[in-house]
Amino acid sequence: MNEYILEMDKVSFGYRDGGKKRMILKELSYGFEKGRFYTILGPSGSGKTTLLSMISALDVPESGSIRYQDKDLSKIGYGKYRRNHMAIIFQKYNLIDYLTGLENVEANMEIAKNKFNGNKKEIAYKILNTMGIVKTKADRRVTKLSGGEQQRIAIARALAKDVDLILGDEPTGALDTATSNEVIDLFKYLASEYGKTIILVTHSDEVAAKSDISLRLDDGQLRQIKEKK
Ligand SMILES: Nc1ncnc2c1ncn2[C@@H]1O[C@H](COP(=O)(O)OP(=O)(O)OP(=O)(O)O)[C@@H](O)[C@H]1O
Ligand SMILES: [Mg+2]
């Protein structure tokens with residue numbers, strides 16, 4: 001057993017463009033440690049979303065392997081891994097349109113079958129409240145909320161899953177600076193106090209500066225550019 005919660009070993013993946021194959025990730029190896037807050041920077045098109053789709057098992061590497069807590073994702077089972085061990089927050093919130101914010105959060109609690117003690121609804125309201133979504137807004141259909149509010153619900157939904165690995169693809173992109181800072185502080189807190197591993201893709205140097213470790217995806221490889229002592 002090593003200290004990595006997630007380990008990528010020589011992961012390669014590409015897309016077929018017309019007849020031609022273009023490699024996006026090239027034998028990428030990196031180990032993510034438990035309880036740390038990572039950011040991933042990189043130019044548009046460098047493959048950051050592709051990398052997250054590997055880590056979240058939405059796509060499978062062509063070669064190489066990914067291990068969660070020392071176990072190959074294929075061994076855990078991709079569906080089981082997605083349901084029970086990780087949560088992801090997308091650039092576009094991907095909420096269920098016809099449900100309220102509260103119901104979106106509850107649905108995710110159901111999926112993870114997590115072990116929260118107490119009334120599920122109360123807990124969902126509480127988590128939403130932490131994200132600045134008061135009850136009247138939590139009870140509204142998500143299509144009737146602003147982009148920033150929808151993104152906060154998406155983050156609450158990820159937190160409600162109570163898993164050890166939280167991934168985000170530009171999760172603060174739709175938020176104003178103050179709210180974005182609050183959310184980033186919350187991620188920092190979850191990493192340092194609850195041992196959650198947070199991996200966020202971002203274009204913001206400011207967000208990256210707040211993380212423990214920032215990485216850069218370039219030419220199919222991940223390189224560490226900064227580590228906070
Ligand atoms: N399904 C697909 N089929 C073919 N090419 C794809 C597919 N998805 C992504 N690509 C290409 O792969 C490259 C990497 O895309 P990706 O979305 O991972 O980049 P990114 O770093 O997330 O960019 P951004 O910062 O703009 O979100 C891009 O050139 C993109 O056009
Ligand atoms: Mg992207």
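Let's start at the ligand, keeping in mind that this is a predicted model. Helix 1 gives the most to the shell around ligand 1, supplying three residues. Helix 1 covers 48-55, and along with strand 1 (4-17) each supplies at least two residues of that shell. Who else is there? Ligand 1 is surrounded by Y15, D17, I24, G42, S44, G45, S46, G47, K48, T49 and T50. Sort that shell by class and you get two nonpolar, seven polar and two charged residues.

Strands of a sheet pair through backbone hydrogen bonds, either parallel or antiparallel. Here we have an open sheet of four strands in the order 2-1-4-5, and the pairing is antiparallel. At the edges sit strand 2 (20-33) and strand 5 (71-72), each of which pairs on one side only. Look at where strand 1 meets strand 2: the two run antiparallel to each other and pair over 10 bridges.

Now hop along to helix 7, which spans residues 147-160. From its first C-alpha to its last, this 14-residue helix reaches 20 Å, close to the 20 Å expected at 1.5 Å a residue. Is helix 7 largely enclosed or left open? Of its 14 residues, 12 are buried, so helix 7 is largely enclosed by the rest of the structure. Among those buried residues are E149, R152, I155 and L159. After helix 7 comes D162, with a positive phi near 50 degrees.

Methods. Residues numbered from 1 in each chain as written. Chains lettered and ligands numbered in written order. Predicted model: local features only at pLDDT ≥ 70, side-chain atom pairs only at ≥ 80, totals over all residues. Near = placed C-beta within 6 Å. Nonpolar A, V, L, I, M, F, W, Y, C, P; charged D, E, K, R; others polar. Expected span 1.5 Å × (residues − 1). Buried ≥ 20, exposed ≤ 12 C-beta atoms within 10 Å, placed from the backbone. Pairing = 2+ DSSP bridges.
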